[in-house]
Amino acid sequence: MAQWDRLRQLSPAYWHRLHELYDRDGLPMDVRHYLSVWIEKQEWQRAARDYGLAMVLYQVLLENLDIQHSRFVQEESFLQQHNIRRHKQTFQRYQDEPCALASTILWFLEKEKEILDRADLDEQVQLLHVGQEAMETTCHQELERKMAGLRNDVQCLEHAIVCLEEQQDEFDFKYQTHKMEAVADEAQKNERIKMFQLLINRLNECRKSTLGDLTKLLDRAEHLISLLVGKELVDWQRRQQKSCIGAPDNVCLDQLEKWFTCVAVCLFQVQEFFNKLEELVGKMSYENDPVKAQKPALQKRADALLKDLLKSSFVVETQPSMPQGKGPLVLRTNVQFSVKTRLLVKFPELNHSMKVNVSMSREAPQIKGYRRFNVLGTASKDLNMAESHSGGMVADFRHLSLREQKSGGSGKGISDISLSVTEELHIICFNTVFELKGFSVELQASSLPVVIISNSSQQQSAWASILWFNMLSLDPKDVMFFANVPAAPWPQFGEMLSWQFLSATKRGLDDDQRNMIANKLFGKQQNYDNCKVTWSKFTKENGQDTFWLWFDGILVMVKSYLENIWREGLIMGFVSKGKEKFLLRKKKRGTFLLRFSESVVGGITFSWVEIDSNGEPDIKTVQPFTKVDLCQIPFHEIIRNFQILEAENIPENPLLFLYPDTPKDEAFGKWYTEKSGDDNPYMKYIKTMLVFVSKENTLEARSPMSCDMTQGEGLEPMNGPCGEAAEQEDESHLLQSQLDSFQDPMLSSSLGPYDEDFLLYFENPSITNSDFMQPDSSTNDFVLSGFNLLSA
């Protein structure tokens, strides 16, 4: 990069040093700016000692000032005309001392270099003290500086071509005048021939210099395209892959669009420069003309760079997804889905002029039984700027669907590989044609691989495939990924699991929760970084009870019923029974924690501390609650009103402090609700409250950590007496008959009859517990959760 360009791109902290430098007399900043390219190409150090060279440079300097003055006359820049004329008058004092002028310019260039060296040193020191995010910001700042350098090169080249045209016009004018004049004097004729030869030599040097500047500009453009296509775009594609499976990565395309557009605009300006050179050569050429020799190769290179940039600029901004799907990239036949493409090169004149067509990839693998699909719906749309929030060039497909093709022939492929429906990967393709200023190129973009299902029951397995592919695959077109599926390193796998909770509930998994999951998968180890999870262990082993089925069941339950308290960090969740006992055994009576069941899919339970007759802590756990329970009573209300029957059948809530020592009502109080009468969804007329009650036998309680009983069917709430008939019926007789006839499916037959396990308790001064139920010493189990109706 030219020295002056680097100075202009420094941060404002260094600009004041530059202004202080040019506050001195000797070299005006205007002259330094407008003649920067010429000044930096001259040998001022040699000219400071060589009078002849210094005089030549002095005269060329004055000529360049005249050319610049003429340009400002054409542009009607009155103030700049005045400044240039005044600067020329100032330089005329060096007419007898050109070496002094060379020494002065050399001194300014050396001072500029000192400023640049200081800036480079400060930047290197700063890079040693920044983190990854700051490093990325610095990389983007460096890219911005390079973009500014490219734009500056284009401006300088534009100015050079204007000067070239002026020189050629000057030669043409003098030559045509010479031909019109009849010069008889041979000496005068020879003098003019020497003058014309000098003008031709200068014109030739100017053409060579312009072609050299063009080469450097294309070098810079090629370097920038390599960064944009090979790094920035690839990084964005990887971030998009991870964001599809829940990662909180930034996938905004606005910055990339700005960079792509900048380079494209500059390359189209280069195309105009080539046209201008062609025009100049058409007017005047000569033997060994450098433009004729070098222009074809340079133009071919510029065309190739522009084509590479445009082909990479067409992307899928929003991956295919169904409105009610579990996540993106899982599509169901005959169900509408949406997808959005975007052109990162933004030219407003292309608005509505480029048509995008969508189809399934024709390069389907030859696998036995591999399905093929047709795209239905509005499969062609214009790229337009109205459907983008940022005004980008997008084609937003909102009403597409897929239909399976009827298989023809035997359906046998050339491969014996067998993939399940949810392991088949398909790619959706988008095609368009870019045409602008005589430049045309076909563009294609493709989605990430999608899994296509035909039934909603396949959605859970399909989403597992999407998770695995986008977690591990760096090739976004690898539709044969599951033919030889790799294992997942635990750090990567654990992070992916955390993303599922983060995207669904805005709270991911902490280190302790991830370690518990690792313990479940690999057993007790000091470090899990070298452990790997196989695809079969994730979603295929153990028949129906796969790891993914268990984990996803918890995720669905939390998202549907427990999101608020999970987000507040009140659910410890992933904690083993042994760790649970270790945490609670030193806590005071009534301390409890919430954890997910390890044996019941989509179950949550709580354990609390009791003190036995010997004064020792006794950990008790309730049977897990599932969606069957939680859809009837909010979990915070279960915790609030949960009761256990003591030996005398006196209900008591054993849950007092959420681990480690937060009072229960302080932790959950903001979600408490009071519903009674008509507002109660479970019973009308009689004011009631639906709660869970458990009974503890007076002789023998269940051993600590005895939780996670076999999950039974869901409970239906008992209906109490309703209407006028209820008021006329004997209350005690009705309640006893209900208890005798109701069988709770959540309890095994070994737990005894229902009337010994649950109490329908009304706060009536005339009715006591003994009127309904007497303790039975023959019951030996700690009876778990069930529904009861308590008066409000």
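**Strand pairing, pockets and a buried glutamate**

F373 has E404, a residue of β7, as its bridge partner. The model is a predicted one, in which local features need pLDDT of at least 70, side-chain atom pairs count only at pLDDT 80 or more, and totals for chains, interfaces and linings use all residues. Residues are numbered from 1 along each chain as its sequence is written, and side-chain values use heavy atoms, with hydrogens and water left out.

Strand β5 and strand β7 (residues 393-404) run antiparallel and are joined by 5 bridges; strands pair if DSSP finds at least two bridges between them. Helices (H or I, at least four residues) and strands (E, at least two) are DSSP runs, numbered from the N terminus.

A pocket here is an open set of points on a 1 Å grid over the protein atoms alone, where a 1.4 Å probe fits, with protein on both sides within 12 Å along at least five of seven lines; lining residues have an atom within 4 Å of a point. Volume is the space filled by probe spheres set on the points, which are joined across faces, edges and corners. Helix α10 gives the most to this lining of the largest pocket, 12 residues. Among the other elements that each supply at least two are α6 (51-75) and α9 (132-180). By class, the lining of the largest pocket has 19 nonpolar, 13 polar and 16 charged residues; Ala, Val, Leu, Ile, Met, Phe, Trp, Tyr, Cys and Pro count as nonpolar, Asp, Glu, Lys and Arg as charged, and the others, Gly among them, as polar.

The second largest pocket has a volume of about 560 Å³. Of its 25 lining residues, D512, Q513, F574, V575 and K579 lie nearest the centre. Helix α15 brings the largest share of this lining, 5 residues.

Finally, E637 sits in helix α20 (residues 635-641). E637 counts as buried because its relative accessible area is 8%, where buried means under 20%, exposed over 50% and partly exposed in between (1.4 Å probe, protein chains only). Beyond its neighbours within four places in sequence, E637 is in contact (heavy atoms within 4.5 Å) with W671, Y672 and T673.
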